[in-house]
Each structure stands twice: as C-alpha cells, then as structure tokens.
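Trainee: I have a new structure open and I want to learn how to read it. Can we take one feature at a time?

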Amino acid sequence: MRSAWLLGAFVALVLLFLLGPLLIAIAVAFSSGERIGFPPPGLSLRWFADALGNEQFRDAAARSLWVALAATVISVVAGTGAAVALTQGQGRFAGRAWVQAFIMLPLAIPGIVLGLALLPTAIMLGLRPGFWATVLGHAVVGIPYSAYLVLAAFAQYDPALDRASASLGVGPWRSFLRVTLPLIRPGIVSAAICTFLLSFDNVALSLFLSRGDTLPLRLMQHIQFTATPAVAAASVMLVLLSLGAMLMLGRVLRGRGTIRIAG
Amino acid sequence: MVTPVLVEARGITKRFGPRTVLEDVDLDVHEGETVVIIGASGSGKTTFLRCLNRLETPETGQVRIADVTLGRRSDGRPADERELSQQRRLFGFVFQRFNLFPHLTAMQNVALGPRRVLGVRRAEAEARAVHELTRLGLAEHVGKRPGQLSGGQQQRVAIARALAMDPRVILFDEPTSALDPELVQEVLDAMRALAGEGMTMVVVTHEMRFARSVAHRAVFMADGRIVEQGVPNDLFGAPRDERLRRFLRHLEPHHDR
Ligand SMILES: Nc1ncnc2c1ncn2[C@@H]1O[C@H](COP(=O)(O)OP(=O)(O)O)[C@@H](O)[C@H]1O
Ligand SMILES: [Mg+2]
C-alpha cells in the first residue's frame, strides 16, 4: 500500500516536471497581456489570432510543411528500400550487420555536429542553403529512422509467404505489392509519421541548411527579437499537431485501422 | 499406372553450399496418379518437392510437366522470371504450415492467383474462390481471415487456393503434420476426395493409412536419394532396404491412423 502511494507521488512529480513547462506555455498563449510573462494578467485568444495572422509564421509553416513532406517521401522510400535490401531475397549477405549499423550511424551523431558537417558537404555538391539542402539534410536522419521502423516490421514478416505467392505463379514484384507491402504497412506508416515530425520541428540541421525560414527557426527568431505571447500560441498549435500525429501513430502501431487491402 | 506420364523428373541434384541434399533423383508421375513420399526428417523430401515446381533451382536435372520443361522456353532457351512464374503454376503447392496470406480473407486468398496471374475479372475470380471453398466444405468461412480459422480449415483454404489455379498436379508437403490430431482427418478426407476425382498428386506424408488406402505408389527417400518404391502395401508390408525397415519400425506405432 505504502509503496503504491510512493509510486503514485513519484509519477505525479515526473509528470509535473515533464508537463509543467508546457502548462506555463499554454497559460502564456492565452494571455491578454503584451509581453511573455507568468502569470498572465488576463485571458484572451488575441495571440492565437495574432499568430495565425502573422505572415512570417504562415510562410514559415508552409515552408516547413513542404520540407517535411519532401523529406518524408525521400526517407520512407529510401528507408524501405534499405530494409528490403537487408532482409529480402539476397539480403542475407555477409557483412549485413555492418551495413545495417552503418545506415543507423547518423542517429548517433548530435544534430549540431551533423549540420556542421552537412553544410560544407551540400555546398561541395553545388547545393546552397535552401529548400533542397534542408530536405536532404532532414532525410539524412529520416532515412535511418525509416529503415529502422520498416526493418522492425519485416521482423514480423514470414518469408514463407513469398514461396506461397511463387507457387501460385505470382511474380516477385506483384507479390511485393499485394502481399509484402500490405503486411509491412504499419511500419511504413509509422516511419512516415516519425520522419514528418522529426523534420517539422527540426532546429539543429535547419540552422545550417535552410535560410532561417522554417517554422521552428522563425519562432526562435521571434523569441529573440520580439517575444510576444504569439510564439506561445503558435507553439500550442504545434503541440496539438504533434499530439494528433502521435495518436495516429499509436493507432497504427496497435494495428487498428490498418491492413484493409483487398486481394 | 497405364495413363501417360505427366511429370517427369530426371537426375535432380541439389546442393546447399557444400552439402548435397538431393543426388540424381528420378521420378515419373502418371496422369491421375497419387504418389506418396516418405522418409526421415532431413532426407530431402521438401527440397525435392520444391525442385519439382522450381521454388528451388536444382544444380542439375530436368523437370518436365506435360510438354513443358521447367526453366526452359519451348525453343530450348532459358526462361526468364515471368515465364518461369507461368510454368510454376502448372503445379499447385500445399505447405506444411499453410502459408495463407494473413491480411486477406479466405476468399481473397483463393482469388488472388486467378485475379493477378490468370487475369480473371474480380467478380469471376471471387465466384471461383467461393466455388472452390464450398467444394472443401468452407462455405461459411469465405469472409474470415486465416487467424479466425482452425488449422484444419486453414489447410483446406490452402488446398482451395491451389485448386483455383487449375493446376495439372498438386504437391503436398506434410499437409497434416502441423495440425492438432483431431483436425488431421478433415484434411485427409479432402485429399482423398481429390484423388478420387482423378487429380494427380505427390504427397509427402507419414499418414500410413492414407498412404495405403489412397496412394497408387509409395516412394522412400533417404539421404537425398530414392531408395525404394512400390505399391504401398508391398513397400510397407515387405520392405527390402534396411533403412526403410528401421524407418517403418519407428513410424508405425506413433503414426498409424
Ligand atoms: N535453404 C536451405 N539451406 C541450407 N540447407 C538446407 C536448406 N533447406 C534444406 N536444407 C537441408 O537440406 C536437407 C534436406 O532438407 P529437407 O528437404 O527439408 O528434408 P525433409 O523435408 O525430408 O525433412 C536438410 O539437411 C536441411 O537441413
Ligand atoms: Mg520437410
């Protein structure tokens, strides 16, 4: 009994520690005052209207959206390809474990270091900071994430099903499309959601590779120079977006609302 | 049998790395014949069946079915992957562990081949699937996924899936050995009915009563070779090879059904 009570108190403290700052940001977002401060002098929605009406925020949100979408497509396609190469068909080659570890390497490098290394690399490849440099930079991290999640899905996949397809005269490509893909779909969908979130709120890489025009960077600049509660309002909206994506991810990983492909 | 030869395997040799798993195996299967293959675990039975429909590629040897040589085009040149897929479907294959597509219903499992390989329209493919499933006593289960079916039902769906491709011969790889004992009979009954309808079948099984009562011929494999073959009652009643005698002694008390 006593230990259960202690555990409860501990969990409450951890939650407070994790969520406390978020609660303060939310409170600030609903402030009626002119400046960021706690507690807010009164409540209003004016900073939400201000954030939504802020052209810089809107442009940055659109830019971040496109960057995240492009990075997601590239990462999921390349990550799935890597997972297929590592597990299917001739995938059981010697040195496979090394190749897999190598693909995962970018995840072990701090974002700032990676950004610092990628900027000269991009320029060497004739790519100036901007949309594509940012997209490819995010993909450098998105690909290993995607490969990891799709590999996890392949771990559940029974290669005997490929033999079943073959025995029916279904060729390898068609079998991949009709049998393999639907069965690893939860992995692909979670890869897409994770990569999207990863890119959408990335600061470390965008700092080097973009022209300072992604949403997280704009919010940072705003905090440095203007610091109205509009930043908090924008953040609250971002949190809601991420939360929505996380809920979707949870559904996918529990396997609900997936696998609905007809023969 | 007096019917013509339908499947002719000649000199099949298969290696996995340094190991020779099949060595110079010949087998003829006649039209409408049921051949049972027995042999200890690891003797190469599964590999041999897979060499017949080229799920495995033998190092040497040829398989002919009707007037098709597997892996070769009619002009004698090597077949590409697509042509091989087309040839492969002359054989149906029923796996030990069913290998149904878990994301598809029974009907979709059976309709997949006709739709995607034979190019049959969806409605027609589904009608064919329902027909085959009904024939195997699964009319009430057409809309269920494999996970909702018993092992015996799953294996019957797998048989229906093979039948829907209208194969010339069906290969069964220990179709009942992954089943709970009480589910074995329904699958054997389905196979018995197929044999009765004149389907050509090659069956790896240790169900001796099935072998005695259904098979026209029994083949004993050991160490990657066919060691002895004959009419089941002769082969089981008066085995000549010492390995076969030992095998039968170990088998009969546990497996006779
Ligand atoms: N893909 C494979 N790679 C390497 N060895 C294999 C493979 N498949 C089967 N073998 C080996 O070939 C031998 C025959 O196997 P198998 O045909 O499955 O025998 P059976 O079906 O009679 O039990 C076994 O020793 C097995 O270990
Ligand atoms: Mg076997």
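Mentor: Start with one residue and its surroundings. Neighbours within four places in sequence are left aside, and B:K14 is then in contact with B:R19, B:T20, B:V21, B:L22, B:T47, B:C51, B:E56, B:T57, B:P58 and B:E59. Keep in mind that this is a predicted model.

Trainee: Where in chain B is B:K14 placed?

Mentor: B:K14 belongs to strand β1, which covers residues 5–16 of chain B.

Trainee: Is B:K14 buried or exposed?

Mentor: Compare its relative accessibility with the cut-off. Buried means under 20%. B:K14 has 7% relative accessibility, so it counts as buried.

Trainee: Which backbone oxygen lies 2.9 Å from a polar atom of the B:K14 side chain?

Mentor: That of B:T57. A polar contact needs a pair of N or O atoms within 3.5 Å.

Trainee: Now the ligand. Which residues are around ligand 1?

Mentor: Read the shell as a list. It holds B:F16, B:R19, B:V21, B:A40, B:S41, B:G42, B:S43, B:G44, B:K45, B:T46 and B:T47. By type, three are nonpolar, six polar and two charged.

Trainee: Which element gives the most to that shell?

Mentor: α1(B), with three residues. In chain B, β2 (19–30) and α1 (45–52) each supply at least two residues.

Trainee: What lies 2.8 Å from an oxygen atom of ligand 1?

Mentor: A polar side-chain atom of B:K45. An N or O atom in the side chain of B:T47 is 2.5 Å from a ligand 1 oxygen. For B:G44, a polar backbone atom is 3.0 Å from an oxygen atom of ligand 1. Then check the cover. On its own, ligand 1 has 560 Å² of accessible area, and the protein covers 62% of it.

Trainee: Let us step back to the whole chain. How many helices and strands does chain B have?

Mentor: Nine helices and 10 strands. Along the principal axes, its C-alpha atoms fill a box of roughly 55 × 50 × 40 Å.

Trainee: How much of chain B is made up of buried residues?

Mentor: They make up 56% of its 257 residues. Chain B exposes about 11300 Å², and carbon and sulfur atoms supply 45% of that.

Trainee: What share of the contacts with a separation of 6 or more joins residues 24 or more positions apart?

Mentor: In chain B, 65%.

Technical notes
Residues are numbered from 1 along each chain as its sequence is written. Chains are lettered from A and ligands numbered from 1 in the order in which they are written. This is a predicted model: local features need pLDDT of at least 70, side-chain atom pairs count only at pLDDT 80 or more; totals for chains, interfaces and linings use all residues. Side-chain values use heavy atoms; hydrogens and water are left out. A residue is near a molecule or strand if one of its heavy atoms lies within 4 Å of it. A polar contact is a pair of N or O atoms within 3.5 Å; within protein, one must be able to donate a hydrogen and the other to accept it, and residues adjacent in sequence count only if both atoms are side-chain atoms. Accessible areas come from the Shrake-Rupley method with a 1.4 Å probe; for residues, only the protein chains shown count as cover. Helices (H or I, at least four residues) and strands (E, at least two) are DSSP runs, numbered from the N terminus. Ala, Val, Leu, Ile, Met, Phe, Trp, Tyr, Cys and Pro count as nonpolar, Asp, Glu, Lys and Arg as charged, and the others, Gly among them, as polar. Buried means under 20% relative accessible area, exposed over 50%, partly exposed in between (1.4 Å probe, protein chains only). Contact means heavy atoms within 4.5 Å.
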